[in-house]
Amino acid sequence: MAELAALEDPKARAVNERHGDDHGVNLGRLRALAKRLKTQQELACRLWATDDTAARLLALLICRPKAFEHDELDGMVREARSPKVHDWLVNYVVKKNPHAEELRLAWSADPDPVAASAGWALTTERVAKKPEGLDLPGLLDVIEAEMKGAPDRLQWAMNHCLAQIGIEHAEHRARAIAIGQHLEVLKDYPTSPGCTSPFAPVWITEMVRRREK
């Protein structure tokens, strides 16, 4: 914890806080620390228990993803209120855990928008890598009906799923683009030069163009 405190950078904190993350550690330096520590499941659990954002990010880098039980991960997702912690937990840990599909189904129907967003993130992974068994038209129905009024983090996850369906599945592409155009979610999101807009019609069109090229 003392070493993490020594990595605190006021400029990094100012940038991170604009994105809702309450820590000031440069992520490159955090990854270097994790590389030095290597995998340490017990230490990861103790770091997570501190409730400190930087410590939790480090925990997610040094833990053993397959070691967590179903209920442990469910509790962790509900505790992970920092966007970066939530993102890393889902992408670095839950996706590699044997309970991922069970959790995806449970979270997708959860009334807590933070848990629901984790469910949608796992669904987006399946849309891209293992779509067999997914009801893609049904997912588009839910997105069309609910994305516009969803809380920010859940809306972002649903929008990512919408874009992924349009990118990966040509037979649903026209409908995915039409839904994005109708709902206009993230249409005016500020995008840095050289980056692709998260507005689904633009995102889908650009990614398809790159692949065809």
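Trainee: Is R56 buried or exposed?
Mentor: R56 is buried in this predicted model, with a relative accessible area of 7%.

Trainee: What does E79 form a salt bridge with?
Mentor: The partner of E79 is R56, and their closest N and O atoms are 3.1 Å apart. E79 lies in helix α6 and R56 in helix α5, so the pair ties together parts 23 residues apart in sequence. E79 is partly exposed, at 41% relative accessible area.

Trainee: How many salt bridges does the count come to?
Mentor: The count comes to 18. Among them, D74, R78, R81, D110 and D112 are linked in a network.

Trainee: Which residue forms a salt bridge with E125?
Mentor: K95 does, with the closest N and O atoms 3.1 Å apart. This pair links distant parts of the chain, since E125 sits in helix α9 and K95 in the loop between α7 and α8, 30 residues apart. E125 is partly exposed at 25% relative accessible area, and K95 counts as partly exposed at 26%.

Trainee: Switching to pockets. What volume does the second largest pocket have?
Mentor: About 170 Å³. Its lining includes K95 and E125, along with R104 and L122. Helices α8 and α9 each give two or more residues to that lining. By type, the lining divides into 2 nonpolar, 1 polar and 6 charged residues.

Trainee: And how much space lies in the largest pocket?
Mentor: About 1100 Å³. It is lined by 34 residues, and the closest to its centre are P83, K84, D87, R153 and W156. The elements giving two or more residues to the lining are α2, α7, α9 and α11. The lining has 14 nonpolar, 11 polar and 9 charged residues.

Trainee: Back to α11, then. How many of its residues are buried?
Mentor: In α11, 12 of the 17 residues are buried, so the helix is mostly covered. The buried ones include L154, M158, C161 and I165.

Trainee: What do the buried residues of α11 pack against?
Mentor: They pack against α9, α10, α12 and α13.

Trainee: How far apart are the end C-alpha atoms of α11?
Mentor: They are 24 Å apart, which agrees with the 24 Å that its 17 residues should span at 1.5 Å a residue.

Trainee: What about T123, which residues does it touch?
Mentor: Leaving out residues up to four places away in sequence, T123 touches R104, S108, L134, L139 and C161. T123 is found in helix α9, and at 2% relative accessibility T123 counts as buried.

Definitions and conventions: Residues numbered from 1 in each chain as written. Predicted model: local features only at pLDDT ≥ 70, side-chain atom pairs only at ≥ 80, totals over all residues. Heavy atoms only, no water. Helix = DSSP H or I, 4+ residues; strand = E, 2+ residues; numbered from the N terminus. Expected span 1.5 Å × (residues − 1). Buried < 20%, exposed > 50% of the residue type's maximum accessible area, 1.4 Å probe, protein only. Contact = heavy atoms within 4.5 Å. 1 Å grid on protein atoms, 1.4 Å probe; cavity = no way out; pocket = protein on both sides within 12 Å on 5 of 7 lines; lining within 4 Å. Points joined across faces, edges and corners; volume = space filled by probe spheres on them. Nonpolar A, V, L, I, M, F, W, Y, C, P; charged D, E, K, R; others polar. Salt bridge = Lys/Arg side-chain N within 4 Å of Asp/Glu carboxyl O.
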